[in-house]
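Hello,

Here is the structure for you to look over. My notes follow below it.

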Amino acid sequence: MIDFDRNATAPLRPEALAAMSDALAQPWANPASVHRAGQRARARLEQARRGIAAALDNGDGALVFTSGGTESDALAILGMARGLRAAGRSCGVACSAIEHPAVTESVAMLRREGFTCVALPIDRAGRLQPDAVAAAVAATPALGVVSFTAAHHELGNTVDVAAMTAAIRAAAPTVLIHVDAVQAAGKLPLSRLRWDVDALSISSHKLGGPVGIGALALAQHVPLLPLHGGGAQQRGRRPGTEPLVLAIGFDAAVQAAIVAAPREHAAMRASGQRLRAGLQALGAELVGDAEQHVGNTALVRWPGVDGHTLVIALDLAGFACSTGAACSTGVVEPSRVLRALGYDADAARGAVRLSLGPDHRDEHVDALLEALPPILARVRAATAAGQVAS
Amino acid sequence: MSGGVDSSVAAALLQAQGHEVVGLTMRLYDAGVGHGQRRGGSCCSPAEVDLARDVCAQLGLPHYVVDERERFAQAVIEPFADDYAAGRTPNPCTRCNQHVKFAPLLARVRALGFDALATGHYARNQGGALLRAVDASKDQSYFLFAMGPDALAHTQFPLGTWTKAEVRAHAATLGLPNADAPDSQELCFVPGDDHGEVVAARLQARAQDLAALGPGDVVDVAGTVVGRHDGIHRVTVGQRRGLHLGGGDRRYVLRVIPSSRTIVVGSASEASVSRVRVAELQRLALPDGRHRFDVQLRHRAAATPAWVEVDGALATVELDTPVHGVAPGQAAVFYDGARVRGGGWITA
């Protein structure tokens with residue numbers, strides 16, 4: 001099995017495994033406990049927190065551990081909007097229709113709660129243009145939160161975050177800016193300060209840490225209400241006993257990813273380029289921004305080919321990929337992202353997402369490109385027979 | 001694989017015979033397609049999808065869910081509502097087998113590079129001849145007559161020679177989690193067996209006027225009003241219970257007249273027919289001409305000896321003995337001994 005689904009999850013880095021194996025063998029107390037054993041746990045937790053915060057260039061901001069990318073996004077969107085409302089400030093929310101469901105569904109919850117929610121404009125390639133975004137932000141005085149993605153989970157599109165932030169700040173100086181950096185972390189250099197964002201989400205397992213933990217980096221001044229009640233852990237921003245061993249593994253993975261990032265990203269870009277060129281040679285339409293992209297992700301569609309059937313056929317042939325964001329029920333809806341880009345429902349069922357990791361080599365890409373033609377022909381024939389929705 | 005014991009054991013049997021087996025589960029509808037909350041599980045509800053996944057994980061088979069909700073809605077649920085609104089009694093299982101379960105799945109099977117489709121139906125495929133199952137009490141050949149010869153040529157029914165008891169025992173031996181799961185009785189997309197609610201919900205979703213369905217009169221064959229009904233879509237030709245006509249002789253629904261929202265009832269003898277017209281004929285091995293067949297007119301009903309005159313897409317059935325409860329919209333299936341030669345949809 002060759003894994004072309006690295007945007008779904010990445011293998012555990014050996015550094016994270018070693019750090020966690022070590023930590024698991026030790027009798028940690030609760031980091032919130034008063035006694036000295038608790039103090040030791042707390043000290044280790046804060047060490048991990050500082051390590052990750054430094055990697056994100058978080059300055060004097062807070063770093064909140066969460067259960068993962070989804071919770072980090074939800075905490076940012078819901079927590080900031082509700083916090084602004086509680087403070088009597090403008091609290092409307094703006095994001096594009098192609099954000100990760102962790103963002104769009106949180107915004108949908110806010111809409112049901114009566115918050116003003118507006119869509120940021122995107123073009124047919126899924127690009128957010130700073131002037132168009134600034135115009136949309138300026139046109140909505142009730143806005144309190146703007147959210148966008150640094151590297152898109154399906155398209156691979158990247159945004160020049162600093163330029164986008166500058167445009168938004170010029171249009172609305174008091175608005176809070178959240179950036180979803182879940183797919184960017186470990187691939188692009190991150191800096192909350194240089195990017196000038198108020199909140200930044202990352203997930204541990206996407207960059208080779210353990211599943212079950214993520215982080216939200218926050219500027220000091222951000223009003224944030226927690227998603228649930230509980231104890232005073234993490235200054236009340238995220239009640240609940242902190243998962244110390246996961247935090248240790250997360251930190252180890254982040255440090256390893258930073259050290260390795262330039263080399264890994266160069267490798268990913270190279271094999272990603274080979275993959276994109278090869279897929280196009282096989283008649284694929286590459287969806288998304290052809291210039292500004294993260295390098296490891298290719299969202300492709302072949303007209304007349306059902307994407308879900310293709311994913312199954314590729315799996316049975318030894319290649320793991322996906323039709324987009326992983327879906328727990330196994331049922332694949334037409335890609336929300338493609339629909340938002342203007343594709344009709346049938347076309348939006350045709351897309352397949354291939355995503356690479358740093359360990360992919362040319363021969364892995366070539367094996368896929370070699371296996372594809374007969375599989376494509378079979379799936380296309382079935383689709384053409386009118387039997388499989390295309 | 002529906003998540004039920006039959007398709008699970010079918011998969012296990014093929015695997016044990018050395019075949020490369022992949023489990024496919026069709027997601028056919030969303031909960032609440034008819035009304036609010038589902039009561040209990042039925043075939044292909046999300047809980048059943050999970051069960052199919054569990055079974056495949058236990059057997060070590062890959063498992064995939066394919067989304068056929070749109071096709072199922074178009075080919076099965078909407079015509080189901082149309083039929084009841086037009087006074088017919090639909091046969092959604094056969095429609096599903098005709099339009100959803102076989103040809104589209106077979107196309108996927110070929111797209112995945114496989115040779116054949118297998119299901120947990122109780123029926124036999126003997127070299128392209130569709131036969132009744134060995135377990136007569138579970139035989140499902142009646143629902144399969146419309147699957148078409150092409151689909152039949154590439155379909156296997158591993159349970160055709162098994163009894164249900166043997167299947168359950170085998171499932172228990174394999175330790176499958178659904179070995180004791182109750183048989184599904186109701187239609188998968190009709191919660192609580194209340195088809196009237198589903199029909200009303202679908203028609204309302206299409207902004208159709210439910211007042212066209214009732215209330216209306218219940219009359220006898222002489223035209224005398226003997227009661228009232230609250231919707232023609234709630235009754236089925238041949239139905240006896242639930243008519244609320246008070247005491248007296250047993251009365252059956254003879255006809256439903258949508259144009260006047262009228263339900264005609266009558267005695268058992270009035271409800272019996274000996275001549276049945278059949279349309280949209282599906283042939284498996286059925287030349288034109290006059291044939292001596294056993295004709296089955298309902299699921300679980302005994303087949304009745306008859307002369308069948310086949311002419312193109314139409315057939316006329318002359319039953320040796322009159323049968324009651326022959327409902328337009330149901331299937332008439334022609335058996336030559338155990339073999340299904342074809343069938344069609346009862347029009348009158």
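This is a predicted model: local features need pLDDT of at least 70, side-chain atom pairs count only at pLDDT 80 or more; totals for chains, interfaces and linings use all residues.

Buried means 20 or more other C-beta atoms within 10 Å of a residue's own, with C-beta atoms placed from the backbone. Helices, H or I of at least four residues, and strands, E of at least two, are DSSP runs numbered from the N terminus.)

A:Met80 touches A:Val145, A:Leu176, A:His178, A:Ala199, A:Val222, A:Pro223 and A:Leu224, leaving aside residues up to four places away in sequence. (Contact: C-beta atoms, placed from the backbone, within 7 Å.)

Chain A is assigned domain 1 (2-6 + 261-384) and domain 2 (14-256); the bounds come from an automatic or database domain assignment. In chain A, 20 residues of domain 1 are in contact with 21 residues of domain 2. On the domain 1 side, helix H8 (244-281), strand E10 (297-301) and helix H10 (336-340) of chain A each give two or more residues.

In chain B, helix H4 (residues 92-101) is mostly covered, with eight of its 10 residues buried. Those buried residues pack against helix H3 (69-85), helix H5 (103-111) and strand E15 (331-336) of chain B.

Residues are numbered from 1 along each chain as its sequence is written, and chains are lettered from A and ligands numbered from 1 in the order in which they are written. Local features need pLDDT of at least 70, side-chain atom pairs count only at pLDDT 80 or more, and totals for chains, interfaces and linings use all residues.

Best wishes

Technical notes: A residue is buried if 20 or more other C-beta atoms lie within 10 Å of its own, exposed if 12 or fewer, and partly exposed in between; C-beta atoms are placed from the backbone. Two residues are in contact if their C-beta atoms, placed from the backbone, lie within 7 Å.
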